[in-house]
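Let's take a walk through this model, one neighbourhood after another. Here it is.

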Amino acid sequence: MPSFCLGGRESDTNAGIRSSGYHDVIDQYTDMKMVAQQSANWSQTEAYTVMETMLQANPEIKGVISGNDTMAMGAWAALKAAGREDVIVVGFDGSKRRARFHQGRRNQGHSATACLSSGTVGC
């Protein structure tokens, strides 16, 4: 499954820790391939723009892992605008705003979040 990672500011310690954590788990699965990774600086607007660019370069994307909920919402908005509501988007923070946000494949995203945040492999 081709996927994409949206990260926070490259100089931010939390962004590096989250990115490392994603790779610790996801890199174990040979059927999951990270086709690109780019910073969106914790910004919803930047995430929207980055996601548009990534979709053009990698139209086969099936999943997006985002370093926070704000960037996840920006990525989802870009995917929705492109008619790609089939892509699973996962964000982290548990923000109240994100809790009200609805995604068609929401349950898979919540399951992936639980797996990644718990460090469990093979959920």
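We can start with a side-chain pair: Arg84 and Asp86 are joined by a polar contact of 2.9 Å between their side chains. A polar contact here is a pair of N or O atoms within 3.5 Å; within protein, one has to be able to donate a hydrogen and the other to accept it, and residues adjacent in sequence count only if both atoms are side-chain atoms. The side chain of Arg84 also gets to the backbone oxygen of Pro59, at 2.7 Å.

Before going on, a word on where this comes from: the model is predicted, so local features need pLDDT of at least 70 and side-chain atom pairs count only at pLDDT 80 or more, while totals for chains, interfaces and linings use all residues. Numbering runs from 1 along each chain as its sequence is written, and side-chain values use heavy atoms, with hydrogens and water left out.

**Around Arg84**

Arg84 sits in the loop between H3 and strand S4 (88-90). Helices (H or I, at least four residues) and strands (E, at least two) are DSSP runs, numbered from the N terminus. With a relative accessible area of 15%, Arg84 is buried; the cut-offs are under 20% for buried, over 50% for exposed, and partly exposed in between (1.4 Å probe, protein chains only). Setting aside residues up to four places away in sequence, Arg84 touches Leu55, Pro59, Ile61, Lys62, Trp76 and Leu79, where contact means heavy atoms within 4.5 Å.

**The chain as a whole**

There are 5 helices and 4 strands in the chain, and from the N terminus on the elements run β-α-β-α-β-α-β-α-α. Of its 123 residues, 41% count as buried. Among the contacts with a separation of 6 or more, 70% come from residues 24 or more positions apart.

Val89 is buried, at a relative accessible area of 1%. Thr30 makes another case, in the loop between helix H1 (13-26) and strand S2 (33-39). Its C-alpha is separated by 9.0 Å from that of Met1, 29 residues apart along the chain. Thr30 is exposed, with a relative accessible area of 81%.

**H2 against H3**

How do H2 and H3 meet? The axes of helix H2 (residues 44-57) and helix H3 (residues 69-81) come within 7 Å and cross at roughly 45°. Those axes are lines fitted to C-alpha atoms, for helices over the stretch in contact, and angles run from 0 to 180 degrees between N-to-C directions. The two helices are therefore oblique to each other; under 35 degrees would count as roughly parallel, over 145 as roughly antiparallel, 65 to 115 as roughly perpendicular, and the rest is oblique. The contact is made by Gln44, Ala47, Tyr48, Met51, Glu52 and Leu55 of H2, and by Thr70, Met71, Met73, Gly74, Ala75, Ala77, Ala78, Leu79 and Ala81 of H3.

Tyr48 of helix H2 is one to click on. Leaving out neighbours within four places in sequence, Tyr48 is in contact with Gly74, Ala75, Ala77, Ala78 and Ala81. Its C-alpha is 8.2 Å from that of Met73, 25 residues apart in sequence. Tyr48 is partly exposed, with a relative accessible area of 28%.

Asn68 is in the loop between strand S3 (63-66) and H3. A polar atom of its side chain lies 2.8 Å from the backbone nitrogen of Met71. At 7% relative accessibility, Asn68 counts as buried. Beyond its neighbours within four places in sequence, Asn68 is in contact with Arg18, Trp42, Gly91, Phe92 and Asp93.

Trp42 leads us to the backbone. Most residues other than glycine have a negative phi. Asn41 and Trp42 both have a positive one:

| Residue | Phi | Relative accessibility |
|---|---|---|
| Asn41 | near 55° | 26%, partly exposed |
| Trp42 | about 65° | 18%, buried |

Asn41 is found in the loop between S2 and H2, and Trp42 is in that loop too.
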